[in-house]
Amino acid sequence: MKRTIEFYEVQAQKQWWMRVLMIGINIPFLYGFVWQIIMGNSWGNNPMSDTELIILMLIIILFSILYLISKLKTHINDEGIYIHYFPFLLKTKFYAWDDVERAYIRSYKAIREYGGWGVRRKLKEKAIIISGNQGLQLELKNGKKLLIGTQQPDEIEKEVISKLK
């Protein structure tokens with residue numbers, strides 16, 4: 001009798017230090033924007049032009065919004081694994097079980113192994129990690145590897161990996 005595999009997880013950015021960093025970056029530029037653009041005073045000893053300050057402010061706001069709205073959705077079923085990392089992966093990625101040689105949960109060090117979080121690529125490795133240090137490691141039949149971060153490693157072990165054996 002075939003066992004049904006069904007797992008769904010949505011992860012959002014929860015790293016407190018990134019939020020503090022974003023606030024620390026946004027507040028001075030917001031102050032500079034108000035001081036120079038709205039109040040008409042020069043901001044700093046060597047102020048940017050109004051146009052440069054507006055463009056920089058828009059870039060910082062856009063980056064902050066992208067960070068805050070980003071979500072990693074992982075859906076695993078009998079067919080395989082579906083991954084959508086909005087807004088950085090615009091299309092849902094699918095990995096069929098037929099293409100997977102091995103799947104297991106492992107710990108990782110995001111900065112040491114991949115240089116940080118997000119969609120990361122090395123030679124034959126790819127990582128899609130949003131936070132934490134646990135992930136579903138896939139070793140594909142084509143020799144490539146994919147690490148998908150998860151906040152529910154025990155659930156994946158119980159609902160997915162144990163049923164694949």
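Guide: A salt bridge here is a side-chain nitrogen of Lys or Arg within 4 Å of a carboxyl oxygen of Asp or Glu. This is a predicted model, where local features need pLDDT of at least 70, side-chain atom pairs count only at pLDDT 80 or more, and totals for chains, interfaces and linings use all residues. Residues are numbered from 1 along each chain as its sequence is written, and side-chain values use heavy atoms, with hydrogens and water left out.

Visitor: OK, how many salt bridges by this rule?

Guide: The count is three. One of them joins E113 and R106, at 2.9 Å from N to O.

Visitor: Is R106 buried or exposed?

Guide: R106 is buried, at 18% relative accessible area; buried means under 20%, exposed over 50%, and partly exposed in between (1.4 Å probe, protein chains only). E113 is partly exposed at 25%.

Visitor: And which residue does E139 meet in a salt bridge?

Guide: R102, with N to O at 3.5 Å. That pair links distant parts of the chain, 37 residues apart: E139 sits in strand β8 and R102 in strand β5. Strands (E, at least two residues) and helices (H or I, at least four) are DSSP runs, numbered from the N terminus.

Visitor: Switching to α4: which residues are buried there?

Guide: P153, I156, E159, V160 and I161.
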